[in-house]
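Dear colleague,

Please find the structure below, handed over for your work.

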Amino acid sequence: MKNRKELLRGIPKIDEMLIAEQLVFLLDKHPRAVVVEELRKITENIRKGILSGEQDHVPSIEEIIERVKKNVTTEDRYSLRRVVNGTGVVLHTNLGRANLSPKTVEHLAEIAGHYSTCEYDLEKGGRGSRHDHVEEIIKQITGAEAAMIVNNNAAATMIVLAALAKDKEVVVSRGELVEIGGSFRIPEIMEQSGAILKEVGATNKTHIKDYITAYDEERTAAFLKVHTSNYRMVGFTKEVELPELVELGKKCNVPVIYDMGSGLIADLSRYGVDEPNVTAAMATGIDLILFSGDKLLGGPQAGILAGKKKYIDIMKGHPLARAFRVDKMTLAAAEDTFRQYLDSREVLKENPVLKMITVSKEELWEKAEKLKQALTKKAGGFEYSIVPCEDSVGGGSAPTTVLHGYAVEVDLKGIPVQKAETMLRKAELPMIVRIFHDRIRIHVRTVDMGEIPAIGQNFSQIKKLTEGGK
Ligand SMILES: *Cc1c(COP(=O)(O)O)cnc(C)c1O
């Protein structure tokens, strides 16, 4: 065995490696500085390993170049990348919530890559308003007098409170002081906006008389109803229904605002999706509703405000409107998403979110069957079976709704399931899957047919890389 000095002397010189044939090839594809930095890091690690005694041989130039190649290609990858969602959670917040339809994406790309009428009026030949592009279509779909769009529903809540209730009281039921996730909590948003929270009722029960008692002609700026999106209360409970609150608002001449969370417009009652409906809420004569663009609406991240023109106008003129304004890509995606709703049947087939929720069990079975076949063919040696599973809407919507689906279950025949799961996450097209009793489950509801070959590839890779050394 060589001594440390000899080993250290044996580490290839960076200059030497830079002229090696395989490396010249790498230099064609990656910046020289990146490659040199990688070489430096790797040789430095080898040096440290030798000095500490952990390393008792020097890798060959070829081995080092292989490592460089692996590292630079990973480092070249985007941070925000496409993944396969095998969880069966349709609006997976960690995986980007709603998918847009191919047609929406096409329109979005055209607007993003070219000049557009973002703030230009073709009729007048001069400056236009960016609100106009979506306002008409939102009015048409929801039945509202006016509408506007901001960055997300949290921003919508903030601007409503800041514009209509600064230094005044907003009456909210104690049963609706919701935390949505991250740092969105109704009491805290209220504080940030400058509005004063006036809690009424008890956690489980709030009556109309509680709102009446809380009302003060001088101090009350609004009655706010918040949908308890991500939880449900059962048992001895009572909340004031929207029509009753709207009626009270009219009597007191106080605006009634409803934070609906999910913007459900389609009729999904047949599918067990228990969420308030946008058009039904508008039909009560309410002053303002707010909802997310990327929950059950199935559009881009956005917050939609719809309702009485006099309130929308106040918000359009508020300084926060500029801070919360959406970019042209969001506008393009939102306009196209709303347009799909003009045909209430077609939208169920066109919008990916609605499609994934309303897909039939037969279709899911067929998809599972196709996936199983592809896996059996590409990555034999594992055992695949189709099992019933429970999927969900996700995104903090319809928390009690179970969507019955199918998963392809993979018995890895001795390969540790955690190891396989890690490999799937780190694959060329990463996959997020579920683990169930030492087996991997791919819920097919959220898998695109077009992803099946890549899934097969991923499993065949696991097979290859674990062969021999289980
Ligand atoms: C989800 C949700 C929000 C936040 O919406 P984002 O679009 O995620 O900002 C606010 N209020 C309710 C009731 C929600 O469900």
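Which helix and which strand each supply at least two residues of the shell around the ligand? They are α8 (153-165) and β11 (256-261), where helices (H or I, at least four residues) and strands (E, at least two) are DSSP runs numbered from the N terminus.

This is a predicted model, in which local features need pLDDT of at least 70 and side-chain atom pairs count only at pLDDT 80 or more, while totals for chains, interfaces and linings use all residues. Residues are numbered from 1 along each chain as its sequence is written, and side-chain values use heavy atoms, with hydrogens and water left out.

The ligand site

The residues surrounding the ligand (a heavy atom within 4 Å) include Arg97, Asn152, His227, Ser292 and Lys295.

- The backbone of Asn153 places a polar atom 3.0 Å from a ligand oxygen.
- A polar backbone atom of Ala154 is likewise 3.0 Å from an oxygen atom of the ligand.
- A ligand nitrogen lies 2.7 Å from a polar side-chain atom of Asp259.

Of the 380 Å² that the ligand exposes when taken alone, the protein buries 93% (Shrake-Rupley method, 1.4 Å probe).

With kind regards

Definitions and conventions. Polar contact = N/O pair within 3.5 Å; in protein donor to acceptor, adjacent residues only side chain to side chain.
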